[in-house]
Amino acid sequence: MDHFGGLDVSVKETSICIVDDTGRIVKEVKVASEPAALLKVLGNSTYRFKRIGLEAGPLSQWLFSALAEAELPVICVETRHMQAVLKAQINKTDRNDARGIAQMMRVGLYRPVHVKTLRSQKLRMLLTHRKLLQSKAIAIDNDLRGTLRNFGLKVGMVGTARFEARIRELVENLPDLVALIEPLLIVRRTLREQIVILHRRLLAIVRDDEVCRRLMTIPGVGPVVSLTYRATVDVPARFRKSKSVGAVFGLTSARYQSGEVDWSGEISRCGDEMMRTMLYEAAQSMMHSKKWSWLKAWAIQIARRRGMKKAIVALARRLAVIMHRIW
């Protein structure tokens, strides 16, 4: 008799439900969210697991890897799809969610997601941390500009390198403001230094990566875009067709059809937001570049018919497809 498992994972504890092929509950238990605790239950030789499901989340990659190494048929399920199925339950509890996941595994009503390799997870961490520091540094710059403007001190157009000198110049004769601004300037300087360190690390990785160097032969695709694509796609063979990459990144039109109503709206915006943003920026860079290419000429024709924004989105989608084919 085959068995199916459902794991409802939280930070501290995981609810486990095991059902047989008839849907009868065989075992229900709550254990710590640790690989050893899960394997103690799921590794029992009396169970012949056909599928074990868990929802994609913060701990899913770690637990998935541990269960996969133990040769258990674990599947990571797409979050929105699982929430839509479990929404039919009247009472939402960890126990009921684990039951629902187990039944989803039994009837095959699930949408699996790709769990990234360890290397891709590390690359993703580098990109995420770099982006976080950039956003905080920009927020400090904007805050300094806004607060000084309240006192009639206008920073004006100034580059990143001269920003701190310009701030000190404005508050030079205002010692009370200097005491308030100095902590922000120190934090800003530290952030900028760490951004440079992370960016150099990023460039070193791209320089030694054959795939990234190949992707950078496309106009508009630089080191950050190529490494983001490398970390997001991870395993190119998981896409049967290159055309499906654009849809996975949320760059295809969302469609709604019901009875006589049938319309295509804006892009779905599903999938990886960072990758979608990088592709859009690469397409925008290509459109504003003076360098000509057949790809840019194709996008310009769309811009004349549909507008610049739609042309950039179409170009971003096509870039995703071309990058997959090159890889």
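# Exercises on pockets and helix packing

By class, nine nonpolar, nine polar and nine charged residues make up the lining of the largest pocket. The structure used in these exercises is a predicted model.

**Exercise 1.** Describe the largest pocket by its volume, its central residues and the elements that line the pocket.

*Solution.* Begin with the volume, which is about 1,100 Å³ for the largest pocket. Next, turn to the residues: 27 of them line this pocket, and those closest to its centre are Val113, His114, Lys116, Gly271 and Asp272. Then look for the elements that give two or more residues to the lining, and you will find α2 (60-69), α3 (79-86), α5 (118-149) and α10 (244-248).

**Exercise 2.** Work out how α11 and α13 are oriented to each other, and which classes of residue make their contact.

*Solution.* First take the geometry: the axes of α11 and α13 come within 8 Å and cross at roughly 115°. Angles of 65 to 115 degrees count as roughly perpendicular, and α11 and α13 are therefore roughly perpendicular to each other. The crossing in which α11 passes α13 is right-handed. On the α11 side, the contact is made by Leu279, Tyr280, Ala282, Ala283, Gln284, Met286 and Met287, while α13 brings Met308, Ile312, Val313, Leu315, Ala316, Leu319, Ala320 and Met323. Finally, sort these residues by class, which gives 14 nonpolar, one polar and no charged.

**Exercise 3.** Work out the orientation of helix α7 against helix α9, and describe the residues that meet between these helices.

*Solution.* Helix α7 covers residues 175-208 and helix α9 covers residues 223-233, and they pack at an angle of about 70° with their axes 10 Å apart. The two helices are therefore roughly perpendicular to each other, and α7 passes α9 in a left-handed crossing. From α7, His199, Leu202, Leu203, Ile205 and Val206 meet Pro223, Val224, Ser226 and Leu227 from α9. Counting by class, this contact of α7 with α9 has seven nonpolar, two polar and no charged residues.

**Exercise 4.** Repeat the analysis for helix α6 and α7, taking the angle, the orientation and the contact residues in turn.

*Solution.* Helix α6 (residues 163-170) packs with α7 at an angle of about 175°, their axes being 11 Å apart. This angle makes α6 roughly antiparallel to α7, since the class of roughly antiparallel takes in angles over 145 degrees. In α6 the residues in contact are Phe163, Glu164, Ile167 and Arg168, and they meet Ile181, Glu182, Leu185, Arg188 and Arg189 in α7. By class, the contact of α6 with α7 has four nonpolar, no polar and five charged residues.

Key. Residues are numbered from 1 along each chain as its sequence is written. This is a predicted model: local features need pLDDT of at least 70, side-chain atom pairs count only at pLDDT 80 or more; totals for chains, interfaces and linings use all residues. Side-chain values use heavy atoms; hydrogens and water are left out. Axes are lines fitted to C-alpha atoms, for helices over the stretch in contact, and angles run from 0 to 180 degrees between N-to-C directions. Helices (H or I, at least four residues) and strands (E, at least two) are DSSP runs, numbered from the N terminus. Angles under 35 degrees count as roughly parallel, over 145 as roughly antiparallel, 65 to 115 as roughly perpendicular and the rest as oblique. A crossing is left-handed if the near helix is turned anticlockwise from the far one by less than a right angle, and right-handed if clockwise. Contact means heavy atoms within 4.5 Å. Ala, Val, Leu, Ile, Met, Phe, Trp, Tyr, Cys and Pro count as nonpolar, Asp, Glu, Lys and Arg as charged, and the others, Gly among them, as polar. On a 1 Å grid over the protein atoms alone, a cavity is a set of points where a 1.4 Å probe fits but cannot get out, and a pocket is an open set with protein on both sides within 12 Å along at least five of seven lines; lining residues have an atom within 4 Å of a point. Grid points are joined across faces, edges and corners, and a volume is the space filled by probe spheres set on the points.
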